[in-house]
Amino acid sequence: MSNPPSPVDNRLLAALPTLAAAATYTVTSANDSGTNTLRWAIQQANANAGADSIVFNIGGGGGRNIALATALPALTGPASIDATTQPGYAGSPLIQLDGLNAGAGAIGLQLSTSGSSIRGFSVMRLDWPTKSSSPIGDT
């Protein structure tokens with residue numbers, strides 16, 4: 001029969017670093033804001049300490065336009081934003097970011113950390129379609 005842990009054992013366990021769990025956020029809405037939008041997924045990934053994935057399944061597949069009313073928030077933690085996961089993707093972008101109403105100087109997708117990637121978007125009418133302040137090698 002084992003003895004219950006002593007208070008010292010509990011303090012040692014509490015001092016061990018915890019590993020942040022990576023999460024996957026699925027974009028199911030082409031709206032600019034609200035639950036399950038690209039903006040929401042970026043905000044969720046920023047709030048989670050793990051290396052997250054943002055994938056797409058808007059309207060069951062096919063081409064979709066996301067008309068931005070304001071610039072998207074910068075991605076501040078390691079994550080992958082992969083528009084090639086939109087059902088129907090066959091080599092040409094299906095997810096289009098449109099910055100017509102996003103304001104002067106708006107950035108489409110911004111990486112503020114290393115270990116991140118962006119794939120499979122068409123970006124139009126933004127002063128900066130993408131911007132990275134992370135080391136070269138991230139896309």
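Q: Is D32 buried or exposed?
A: D32 counts as buried, at 16% relative accessibility. The cut-off for buried is under 20%. Keep in mind that this is a predicted model.

Q: What does D32 form a salt bridge with?
A: The partner is R39, and the closest N and O atoms of the two are 2.7 Å apart.

Q: And R39, buried or exposed?
A: R39 counts as buried, with a relative accessibility of 9%.

Q: How many salt bridges does the structure hold?
A: There are 3 salt bridges in the structure. One of them joins the side chains of R119 and D82, at 3.3 Å from N to O.

Q: Where do R119 and D82 lie?
A: R119 is in strand β7 and D82 is in strand β4, so their pair ties together parts that are 37 residues apart in sequence. D82 counts as buried at 12% relative accessibility, while R119 is partly exposed at 44%.

Q: Which residue forms a salt bridge with R125?
A: That is D98, with the closest N and O atoms 2.6 Å apart. This pair also links distant parts of the chain, 27 residues apart: D98 belongs to strand β5, and R125 to the loop between β8 (121-124) and β9 (128-132). D98 counts as buried at 7% relative accessibility, and R125 is partly exposed at 47%.

Q: Changing topic. What order do the strands of the open sheet have?
A: The order is β1-β2-β4-β7, which makes 4 strands with parallel pairing.

Q: Which ones are the edge strands?
A: The edge strands are β1 and β7 (117-119), as each of them pairs on one side only.

Q: How much are neighbouring strands turned against each other?
A: On average by 10°, with direction ignored.

Q: What holds strands of a sheet together in pairs?
A: Strands of a sheet pair through backbone hydrogen bonds, and the pairing is either parallel or antiparallel.

Q: How many bridges are there between β1 and β2?
A: Strand β1 (residues 24-27) and β2 pair over 4 bridges in the parallel sense. Within that pair, T24 has S53 in β2 as its bridge partner.

Q: Through which helix does the chain cross from β1 to β2?
A: The chain passes through helix α2 (residues 38-47), and this β-α-β crossover is right-handed.

Q: Which strands does α2 lie across?
A: Helix α2 lies across β1, β2 and β4, and runs at about 170° to β1.

Q: Back to β2. Which residues are on its covered face?
A: In strand β2 (residues 52-56), the covered face has D52, I54 and F56, and the uncovered one has S53 and V55.

Q: What does S53 stand opposite in β4?
A: S53 stands opposite S80. Strands β2 and β4 (residues 79-82) run parallel and are joined by 3 bridges.

Q: And how many bridges are there between β4 and β7?
A: Those two pair over 3 bridges, again in the parallel sense. The bridge partner of D82 in β7 is R119, and the side chains of R119 and D82 also meet in a salt bridge.

Q: Last one. Where does T84 lie?
A: T84 is in the loop between β4 and β5 (95-98).

Q: Is T84 buried or exposed?
A: T84 is buried because its relative accessible area is 17%, and buried means under 20%.

Q: What does its side chain make a polar contact with?
A: The side chain of T84 makes a polar contact with the side chain of D82, at 2.4 Å. Apart from its neighbours within four places in sequence, T84 is in contact with Y89, R119 and G120.

Notes. Residues numbered from 1 in each chain as written. Predicted model: local features only at pLDDT ≥ 70, side-chain atom pairs only at ≥ 80, totals over all residues. Heavy atoms only, no water. Buried < 20%, exposed > 50% of the residue type's maximum accessible area, 1.4 Å probe, protein only. Pairing = 2+ DSSP bridges. Right-handed = clockwise from strand over helix to strand, strands pointing away. Axes fitted to C-alpha atoms, helices over the stretch in contact; angles between N-to-C directions. Contact = heavy atoms within 4.5 Å. Polar contact = N/O pair within 3.5 Å; in protein donor to acceptor, adjacent residues only side chain to side chain. Salt bridge = Lys/Arg side-chain N within 4 Å of Asp/Glu carboxyl O.
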